[in-house]
Amino acid sequence: MSSWKSAKAKRVQKALEQMGWRVKRQKGSHKTLERDGYEDYVFSFHDGDEIGPKMMARIAKKTGLKPEDL
């Protein structure tokens, strides 16, 4: 069972920004985020999109996000 719950994309992006991720560039809804020590991550969700637990786990694996960061 995953420890992740669904969350709105806007909330996830805000949590990533508080962790030190910043928008490097944007084209439409595709935002390329950057942070020292990590590869760039393409965050391609609209603000109102609901991100499910499986996708949240994938985002966490690439970005270092933890459930308590939300």
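Predicted model: local features only at pLDDT ≥ 70, side-chain atom pairs only at ≥ 80, totals over all residues.
I went through the whole structure for salt bridges, and the search came back with four. Let me walk you through some of them.

Start with Glu50 and Lys8. Those two form a salt bridge, and the closest N and O atoms sit 3.6 Å apart. What I like here is where the partners come from: Glu50 is in strand β5, residues 50-51, while Lys8 is in strand β1, residues 7-8. That is 42 residues apart, so we have a link between distant parts of the chain. How exposed are the two ends? Glu50 has 46% relative accessibility, which makes it partly exposed, and Lys8 is partly exposed as well, at 42%.

Next up, Arg22 and Asp36. This is another salt bridge, with 3.7 Å between the closest N and O atoms. Arg22 belongs to strand β2, residues 22-27, and Asp36 to the loop between β3 (30-34) and β4 (41-43), so the bridge ties together parts 14 residues apart in sequence.

Asp40 is in the loop between β3 and β4, and Lys24 is in strand β2, so here the parts being tied together are 16 residues apart in sequence. Both ends are partly exposed: Asp40 at 37% and Lys24 at 41%.

One more thing on the charged side chains. Which residues end up in one network? Arg22, Glu34 and Asp36 do, joined by salt bridges that share partners.

Last stop, Ser29. You'll find Ser29 in the loop between β2 and β3. Buried or exposed, then? At 18% relative accessibility, Ser29 counts as buried, because the cut-off for buried is under 20%. And what is Ser29 in contact with, leaving aside neighbours within four places in sequence? The list is Phe43, Ser44, Phe45 and His46.

That's my tour; happy to go back to any of these on the screen.

Technical notes:
Residues numbered from 1 in each chain as written. Heavy atoms only, no water. Helix = DSSP H or I, 4+ residues; strand = E, 2+ residues; numbered from the N terminus. Buried < 20%, exposed > 50% of the residue type's maximum accessible area, 1.4 Å probe, protein only. Contact = heavy atoms within 4.5 Å.
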